[in-house]
Amino acid sequence: MDEDAERALATHEQELRRGTVVFASLVACRRPQYGYSLLTTLTEAGIPTEANTLYPLLRRLEKQGLLSAEWNTEQARPRKYYTVTDSGAEVAAALHSQWLELNSSITKLWKDGTP
Amino acid sequence: MSALTRTYVDNVVSHLPEDSRADIAAEITATITDMVDGRLGEDPEPTPDRTATVEREVLEELGDPAVLSREYSNSPQHFIGPNSYPLFIWTLRWILPIVGLISLLTSIIVTFATEPDTQPGEAIGPAVGSTVTALLTTFAVITIIIGLGDRKLDGGATESLRKRQSAPWTVDDLVPRDVRGRQIRAEATLGLVFIVALAAVPFIPTDPALRRPPQRRRHVHQPRSRHRLAARLLGIPHPHGGN
């Protein structure tokens, strides 16, 4: 692959991943997560995410009412825990079914196009 | 929390709305500490040097505090976004030529109305000058209004304008266009206009004083009289020799 193609690939990959971070965060937050735990959870799940996009994203999802946040001060270090709300769970379920649909469509398209 | 982390966090939250600062600062601080601990791993007694190195790494991974701050504030990073851009261009295309024409004509008319014996060449400079000013002002005003509209700060003025500009497009809106022919005609016309304008430059009368012999120059500052204009119009030689 030449340099231009690599650059184009990087852009398209980024665009492809951008939406999946939201979906993955909603899914992961079915159990309460704080910022760093979510980052490691996603990385271990094979969805590496930049810290500086993930943390602001959590606040935006909280503002949209998809996540609820609560400070836990019982531990030695106070942390803000995010949990998916009812509407967040609905959104996650809808995104999940879309994901599966897209996956089967792409698989079919790929097979049809493969000689 | 080290001084370095505190400085970083202060830099991030300083541009954020005041009511969210404390919360975001606490959250980022906790996160940075978590990240540092995560990297130090199982090391039970990390040396201060090692901790400092890891802290630097973590802060550099989080990146420029100004960028992180913008991510948090989620404010638009543009003045006129893709939603408003077509409206912006449409407005410029319609308003600027109209303003330019009006300003040019007004300036010329005003010049001749206040000083009737101005030579046509003398009127060009001020007219072009005031037109450029008018165009720049109009451009600034349109840009600011539509920029505010992009942030919904204009009380819905641009929103109503946008509705007027574009009803949903249908096939009936298609207009037959002879793009090629029109372009060639336009280029030919423009070329002709420029040739004529440039050819006319030497003949455009400017300050009559410039064409007068030097010894007559002192008469220039005499009050301009209506007699001179009348004489010029009637073709009678003026006593001072002006035409």
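## Aromatic pairs

Over all chains of this predicted model, the count comes to 4 aromatic pairs, where rings of Phe, Tyr and Trp (its six-membered ring) pair if their centres lie within 6.5 Å, with planes under 30 degrees apart counted as stacked, over 60 as edge-to-face and the rest as tilted. Tyr34(A) and Tyr81(A) form one that is edge-to-face, at 5.3 Å centre to centre and with 75° between the planes. Because Tyr34(A) lies in strand 1 (residues 33-34) of chain A and Tyr81(A) in strand 3 of chain A, this pair ties together parts that are 47 residues apart in sequence; strands here are DSSP runs of E of at least two residues, and helices are runs of H or I of at least four, both numbered from the N terminus.

Tyr34(A) counts as buried at 17% relative accessibility, and Tyr81(A) counts as buried at 15%, buried being under 20% relative accessible area with a 1.4 Å probe and protein chains only. In chain B, ring pairs link Tyr85(B), Phe88(B) and Phe139(B) into a cluster.

## A charge over a ring

The charged end of Arg79(A) sits over the ring of Tyr34(A), 4.2 Å from its centre (for Arg, CZ must be within 6 Å of the ring centre and within 35 degrees of the ring normal).

## Lining of the largest cavity

Tyr34(A) and Arg79(A) are also among the residues that line the largest cavity, a cavity being a set of points on a 1 Å grid over the protein atoms alone where a 1.4 Å probe fits but cannot get out, with lining residues having an atom within 4 Å of a point. Helix 2 of chain B gives the largest share of this lining, 4 residues.

## Basis of the values

Residues are numbered from 1 along each chain as its sequence is written, while chains are lettered from A and ligands numbered from 1 in the order in which they are written. Local features need pLDDT of at least 70 and side-chain atom pairs count only at pLDDT 80 or more, whereas totals for chains, interfaces and linings use all residues, and side-chain values use heavy atoms, with hydrogens and water left out.

Notes
On a 1 Å grid over the protein atoms alone, a cavity is a set of points where a 1.4 Å probe fits but cannot get out, and a pocket is an open set with protein on both sides within 12 Å along at least five of seven lines; lining residues have an atom within 4 Å of a point. Buried means under 20% relative accessible area, exposed over 50%, partly exposed in between (1.4 Å probe, protein chains only).
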